[in-house]
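Dear colleague,

I am passing on a structure for you to look through, and below it you will find an account of what turned up. Please keep the view open while you read, so that you can follow each part in turn.

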Amino acid sequence: MSTHEPRILKIAVVSGPQYDRLYDRLSLFEQQSGVKVEIVFRGSHPELNDFLATSFKNYNSTAPSLLAPELDLISTHIKYAPSQVDFLQELGDDQVTPAERSEFLEAALEACNIQGKLYQLPRMVDSRVLFYRADIFDQLGLTPPATWDEVLVCSLAIRAASVPIHSASKSASAKGIIQGYVFPGKLSGLFGTFYELAMMQMTDLEALFDRNDRPVFDEAVVTQVLQYLRQMVVSGAVPQDIETLYFDEVSSMFADGKVAMIADWPSYYGIMKQKLLHANAGSPSPPRIGVMRYPQGANGKRSAYSGMHSFAIPKSTRDPEASLALLKFLVDDDQQWIEASESGSFPTKKHVLQRLVTETEYKRSCHPDDSEVTLDCERLACLKHTIENDMAMFPHLKTYPELEDALYPLIQDAMMGRASVTEAAKQMKEIAQRS
């Protein structure tokens, strides 16, 4: 890039109410650096992946041409980066020093490596915990579920009680009854739900992937998980339109008071509190939220499908120096603190996590009777414990996103009864082992 031209970085980012607060901070980077930042694409991760695949389809880093996309930084994810590694720039010690690397949680930075090399810096840790309406459970005399079979039982009991929806949220209807439990029923959300249930079902550690990360997909394990998902639908424990729901819809249903239990990501927490707690604060019977680690599976384990959002620099960058500065800005302590304290995301920087724990515990000591402060403490402790003990991580395979895309329709068909469980399990094994 000529020094006589204005320095402009073009970036493509994952977007949504739980992510967009960070991009408001780009103006601060512009002020500090004198470099302008233009967001040329924003969308969900599936949409972003499609955009990047199209943009880099004909790109050859060894022979740059006019086909090179004008992209200087991208949002990515440790699940997707291995499939993008051909157009990502390696981050060597001269770009991210050992001292800078030491600021991150060791497990977070390690997950950003691909074949032993660093290609991305982690933005936030994603791992789900179970939220439930404690007021509804108390009203119906229910105990929070200890197992996934009990999740089904509790969900049916809540549906049978026909608890009416009442919410002050403008986006929520006051009509209808509260659902017991919902989960994402399509795309990577459904595959992730299947994956974590399989991890809690199997006794053989190599039932899904062997020690060399080759797909196995043992039919017996796959069949048992598909049977459980099918039972959820047939019994009425989940809505009949479950296959239309994705992460945003699931989270919104809980925040709008339409469902009593969900597994949700950290960065939706701020929105949940704003819509469910703050909007209903003046009601005679305000909702109460409980939070817990995942219930145990058949093998006695808890496994929460987990990953990490990240940022990376593509090889197409026209200004490597400015791109690296922006990369470090987006994951520095100040930005991570804003995301953690406002959205509820789980930081990847050691100092930020320690500050979050310290300040959350201090607030509880000052306000021991404040139910929201108590919930904040319980949620953070639960999430921290889950990340330390219950994370179900996927293998870092270049073909993993393709495997998800190929298998989730079969999971969906079995769940909705369009295909038999046994036939779907057989096809999943065949497709997985060919991948």
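In this predicted model, the sulfur of Cys377 lies 11 Å from the closest cysteine sulfur, which belongs to Cys366, and that is too far for a bond. A disulfide is a covalent bond between the sulfur atoms of two cysteines, and the cut-off used here for such a pair is within 2.5 Å. The sulfur of Cys382 is likewise too far for a bond, because its closest cysteine sulfur, in Cys377, is 13 Å away. The structure as a whole holds zero disulfides.

Next, please turn to strand 3, which covers residues 73-77. Five of its five residues are buried, so this strand is largely enclosed by the rest of the structure. In a regular strand the side chains alternate between the two faces of the sheet. In strand 3 both faces are covered, with Leu73, Ser75 and His77 buried on one side and Ile74 and Thr76 buried on the other. Strand 3 runs parallel to strand 1 (residues 8-14), to which two bridges join it, and Leu73 is the bridge partner of Ile11. With strand 11 (residues 304-312), strand 3 pairs in the antiparallel sense over four bridges, and there Ile74 stands opposite Ala312.

A separate topic is the packing of two helices. Helix 7 (residues 148-161) and helix 9 (residues 219-235) pack at an angle of about 10°, with their axes 11 Å apart, and they are therefore roughly parallel to each other. On the side of helix 7, the residues that meet helix 9 are Trp148, Asp149, Val151, Leu152 and Leu156, while helix 9 contributes Tyr228, Gln231, Met232 and Ser235. The residues of this contact divide into six nonpolar, two polar and one charged.

Finally, there is an open sheet of four strands, in the order 8-9-7-10 and with mixed pairing. Its edge strands, strand 8 (179-181) and strand 10 (289-292), each pair on one side only, and the twist from one strand to the next averages 25°. Within this sheet, strand 7 (residues 129-133) pairs with strand 10 in the antiparallel sense over four bridges, and Leu130 stands opposite Met292. Helix 10 (residues 247-255) lies across strands 7, 8, 9 and 10, running at about 140° to strand 9.

With best wishes

Key:
Residues numbered from 1 in each chain as written. Predicted model: local features only at pLDDT ≥ 70, side-chain atom pairs only at ≥ 80, totals over all residues. Heavy atoms only, no water. Buried < 20%, exposed > 50% of the residue type's maximum accessible area, 1.4 Å probe, protein only. Pairing = 2+ DSSP bridges. Axes fitted to C-alpha atoms, helices over the stretch in contact; angles between N-to-C directions. Parallel < 35°, antiparallel > 145°, perpendicular 65-115°, else oblique. Contact = heavy atoms within 4.5 Å. Nonpolar A, V, L, I, M, F, W, Y, C, P; charged D, E, K, R; others polar.
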